[in-house]
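Subject: Structure handover

Hello,

Here is the structure I said I would pass on. My notes follow below it.

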Amino acid sequence: MKPNSPVWYPYTQMSEWREFDEIVKGKGMWLYDSHGNKLLDGVASMWCNVWGHSKKELISAIISQSKKLQHSSLFNLTNEPSEILAKKLVEISPYMNKVFYSDNGSTAMEISFKIALQYWRNIGKTKTTIATLENGYHGDTFGAMSVGYVPQFFSNFKNQLFRVIRTPVPVKYRIPGNSSYEEYQNYCLEKIEKLFSSNDKIAAYVMESGAQMAGGAVIFPKGFQQKISQLCKRFDVLLILDEIATGFGRLGSLVEYQTQKSIPDIVSYGKMLTGGYITMAATLTTKKIYDAFLGSFKEMKQFFHGHTFTGNPLAASVAIKNLELYEKSRLIKHVKKTSGVFEKRAREFHDMDLVGDVRFKGMLMGIELVKDKEKKIQLSGKKSINKMIFDEARKNKIYLRSLGNIIMLVPPLAISSNELNFLIDSTIKTIKGITGKVSN
Ligand SMILES: Cc1ncc(COP(=O)(O)O)c(C=O)c1O
């Protein structure tokens, strides 16, 4: 707790929060505060932690790199870790050929939009509009807010955002009208097809890969992403995939777009790229895209973008070690196995009065809380539901950050079955604890 702290906290109504636990240590799945209390990290420190805290191999990678070179820029120079990492990223990412580094997910997505828009200019075509799935989230910078528009978050900036065309997303729990899930999926795909066939100015279609995370753990039905990918190819629209939160094993695959049988032109990674230890993100493109940026200097086809810490060697070296560990520890296999715990225990959530829907895949579970199970009316309150859930969860020794009425269980990927069971037990206690306390 820092009573007169000068820190302004993210996505937080500061008047409601007088105290913040000061985390002084992390070990394995646990975070320790300055009073020695421990909390199981149920959200992988905002969906990025892979191995738990204080993984010695990752710490060693940072220490040994920090003794050699802490930072030197990629403006006219290069460094070994960012070269090695790019090679590895291209190796694991089918169809991808080049890597553009940045510092976080939002900037990685800005880069993907800018590359797509400049690509069409460079090849002399007028394609200037971005289309996307409704309910997506791609970060908090202006481009990312324009594309991943969450009304509750971004309406203050609406007039400053650029125009984007949105097509509907099939949210199984909330299908409008009397359509079946299958019918609604087809409707969503037809909407995209109609858009592409009637508008030849669409430069790119943007979507999260496999599932929408901040949109509330909306898991895409089988074949949905693949069909969008096919439509993009058919109508010459670039497919930009966001794997910042869903790639690197979160949904049970190292590269989610491969599992989804989709072929992106541009894809972004972030969060778990460094095991969640140092901030870094990467935007990968195909050779076709990259080649369109080549030419004589005078043609001005080069990509006009770069950040101070682009390709930071400390971050790159920990990302290399992280990837090595994925292979050595067979982490993806582990995720698939522990994911069975979610499957086994989902029913327990379903049976609770306050729970309307439970969605899960890999190491992700979203639990949607409702006031009225029949009518599916969202749980809401005068005070932040998020705060209520956080406070109750803390009593049960877990750290949760919900998305309003949706509790997100997004633990570090290496969590054991026992620890995951603890997280689930404590989440059940938390939901019981807030039942009856929510007022309107
Ligand atoms: C799918 C997705 N894209 C982009 C971002 C933005 O990443 P960052 O917070 O690192 O800017 C997030 C963050 O949660 C995300 O979930």
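Ile-389 lies in helix H13, residues 385-395; helices (H or I, at least four residues) and strands (E, at least two) are DSSP runs, numbered from the N terminus. This is a predicted model, where local features need pLDDT of at least 70 and side-chain atom pairs count only at pLDDT 80 or more, while totals for chains, interfaces and linings use all residues. Residues are numbered from 1 along each chain as its sequence is written, and side-chain values use heavy atoms, leaving out hydrogens and water.

The relative accessible area of Ile-389 is 0%, so this residue counts as buried (under 20%; exposed is over 50%, partly exposed in between; 1.4 Å probe, protein chains only). Leaving aside residues up to four places away in sequence, Ile-389 touches Leu-369, Leu-400, Ser-402, Gly-404, Ile-407, Thr-430 and Ile-434; contact means heavy atoms within 4.5 Å.

There is also an open sheet of seven strands, with mixed pairing and the order S4-S12-S11-S10-S7-S5-S6. Two strands pair if DSSP finds at least two bridges between them. At the edges are S4 (98-102) and S6 (164-167), each pairing on one side only. S5 (residues 129-133) and S6 run parallel and are joined by four bridges; in S6, Val-164 is the bridge partner of Ile-130.

Helix H3 (residues 80-92) packs on the sheet, touching S4, S11 (266-269) and S12 (281-285), and its direction makes about 125° with that of S4. Axes are lines fitted to C-alpha atoms, for helices over the stretch in contact, and angles run from 0 to 180 degrees between N-to-C directions.

Regards
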